[in-house]
Amino acid sequence: MTAPPSKTFCILPWIHLYSNPDGNVLPCCVGDWQKPMGNVQNKKIEDVFNNEKFKQMRTNMLTGKRCEECTACYREEDAGNSSFRKHSNEQFDKYINDAVLNTNDDGSIDDFRLRYLDVRWSNICNFKCRSCGGTYSSSWAKEDGKSNAYTFAGGDSNDDLYKQFQKHFDTIEEFYFAGGEPLLTDKHYEILEYLIDHGRTDVKLRYNTNMSVLKYKGKSVLDLWKKFSNVVIGASLDHYGPKAEYIRHGTDWSLVESNLKLIRKEIPHIELHTNTVVSIFNIKTLPEFVQYIVDNNLVNVENYNPNFYNIMNPDYYSFKIIPEEDKADIIKSLEEFASKHGGNIEYGIKSIINGLRSSVYSPELKTKLWVKTKYYDHLRKESVTETFPEIQGWFR
């Protein structure tokens, strides 16, 4: 691998532009949403890419300074884990030298070429996950009484924004689709059809999807995927059965499981993995969940690479709620399970353990935990203590 020019360098600000459903631009999907770099609803993407914030970010990264928007990666690295920054540098290693050489003194770039695309075209979603909110879920926005529950990255319409990005489709190597729910997004299907029509079915398609929908407006996503050679699906699954249906409200577990099995049967070359938000809801029974996925052949065990994300927000669902005396037992259980499986499972679980060890118990969050959880339990006719009896002590 080409050695990055500093310990804070990340290739993404040179080859990537990320947009939230509200049009806010971040350096990537894990960038601090409270510190947007611009907004594509009022600026062209070329202007955002070379604005003062992006120029300063590139200058910081070339000189080894940390960027305030990138704390998520620094936090993972400080805890001894890998990070999206490191992963991106490895994946797009071949562009690092040119990025450094072709950066102007003020941090600007004259030759703007996207290699990796991640645009959250809208917040349209049929789920109300406990770890989410109205920004990324129209169902959440409706429940919270917002007058306009639907947001689009391009403003009133995504058509102009789509045309801006379409100019870069021939140089993009990876298209990442998340949401909202990407399989309920019009532009997702337009992009796939464009790529098919232009002979670009060798690109990498990567997804974060709740796996509830395989047909949309008369289009079968399975028929489209069959035309692509490199499709990687990260199924957003935090548990199975009733626990899954509680954490990600809107889930019909039998349907999700059936869809996973259908993909494995009809398109065996697709890589199926799980993207799991680790929170107080599943931390005690995570081994049981992973074992269920493996035992029921919902993934190909030979290449299964579970992705675990230690929840940070809402903070009242994070590891900060867990008393120190409980952490030791959880860590022991996770270590035993990780050692049993080894490989990618062990690697992923180690990141959870590191997160547990670095978290600080914050009992002052318990009031908020109780109020928020009971409020949505009442709205959704659910019960956290009945669904998760193993953690009912944390709600006292």
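This briefing goes through the overall build of one protein chain and then some of its helices and residues. The model is predicted. The protein chain contains 17 helices and 13 strands. Buried residues account for 56% of its 396 residues.

**Overall build**

- A compact globule of 396 residues would have a radius of gyration near 21 Å, and the protein chain agrees with this because its own value is 21 Å.
- The C-alpha trace spans about 55 × 50 × 45 Å along its principal axes.
- Taking contacts between residues at least 6 apart in sequence, 75% join residues at least 24 apart.

**Surface and charge**

- The protein chain exposes about 17,600 Å², and 47% of this area is supplied by carbon and sulfur atoms.
- There are 50 positive and 55 negative side chains in the protein chain.
- The centres of these two sets of charges lie 2 Å apart.

- Helix H5 covers residues 84-91, and its residues Phe 84, Arg 85, Ser 88 and Asn 89 are buried.
- Seen down the axis of H5, these buried residues fall within an arc of 135°, so they line one face of the helix.
- The cover over the buried residues of H5 includes helix H1 (12-15), helix H4 (71-78), helix H6 (96-101) and strand E4.
- Helix H8 covers residues 159-166, and its buried residues are Leu 161, Tyr 162, Gln 164 and Phe 165.

- Asp 238 sits in the loop between strand E10 (230-236) and helix H11 (241-247).
- Asp 238 counts as buried because its relative accessibility is 4%, and the cut-off for buried is under 20%.
- Apart from neighbours within four places in sequence, Asp 238 is in contact with Ile 247, Arg 248, Asn 275, Thr 276, Val 277, Asn 282 and Phe 289.
- From C-alpha to C-alpha, Asp 238 and Glu 193 are 31 Å apart in space, and they are 45 residues apart in sequence.
- Lys 327 is found in helix H14, which runs over residues 324-341.
- Lys 327 has 3% relative accessibility and therefore counts as buried.
- Not counting residues up to four places away in sequence, Lys 327 touches Phe 319, Ile 322, Leu 356, Ser 359, Val 360 and Tyr 361.

**A buried leucine in a strand**

- Leu 272 is placed in strand E12, residues 271-278.
- With a relative accessibility of 4%, Leu 272 counts as buried.
- If neighbours within four places in sequence are left aside, Leu 272 is in contact with Ile 233, Leu 260, Ile 263, Arg 264, Leu 298, Val 299 and Tyr 304.
- Leu 272 and Lys 372 are separated by 100 residues in sequence and by 33 Å in space, C-alpha to C-alpha.

**Cis peptide bonds**

- Gly 179 and Gly 180 are joined by a cis peptide bond with omega of about 10°.
- Gly 180 belongs to the loop between strand E6 (174-177) and helix H9.
- The peptide bond from Asn 313 to Pro 314 is also cis, and its omega is near 0°.
- Pro 314 belongs to the loop between strand E13 (307-310) and helix H14.

**Positive phi in residues other than glycine**

- Met 211 is a residue other than glycine with a positive phi, near 65°.
- The loop between strand E7 (204-209) and strand E8 (215-216) holds Met 211.
- At 0% relative accessibility, Met 211 counts as buried.
- Asn 297, again a residue other than glycine, has a positive phi near 55°.
- The loop that holds Asn 297 runs between helix H13 (286-295) and strand E13.
- Asn 297 counts as partly exposed, at 48% relative accessibility.

Conventions:
Residues are numbered from 1 along each chain as its sequence is written. This is a predicted model: local features need pLDDT of at least 70, side-chain atom pairs count only at pLDDT 80 or more; totals for chains, interfaces and linings use all residues. Side-chain values use heavy atoms; hydrogens and water are left out. Buried means under 20% relative accessible area, exposed over 50%, partly exposed in between (1.4 Å probe, protein chains only). Helices (H or I, at least four residues) and strands (E, at least two) are DSSP runs, numbered from the N terminus. The radius of gyration is taken over C-alpha atoms; the globule rule is 2.2 Å times the number of residues to the power 0.38. Contact means heavy atoms within 4.5 Å. Accessible areas come from the Shrake-Rupley method with a 1.4 Å probe; for residues, only the protein chains shown count as cover. Lys and Arg count as positive and Asp and Glu as negative; His and the chain ends are not counted. The place of a charge is taken as NZ of Lys, CZ of Arg, CG of Asp or CD of Glu. The arc is that of the directions from the helix axis to the C-beta atoms.
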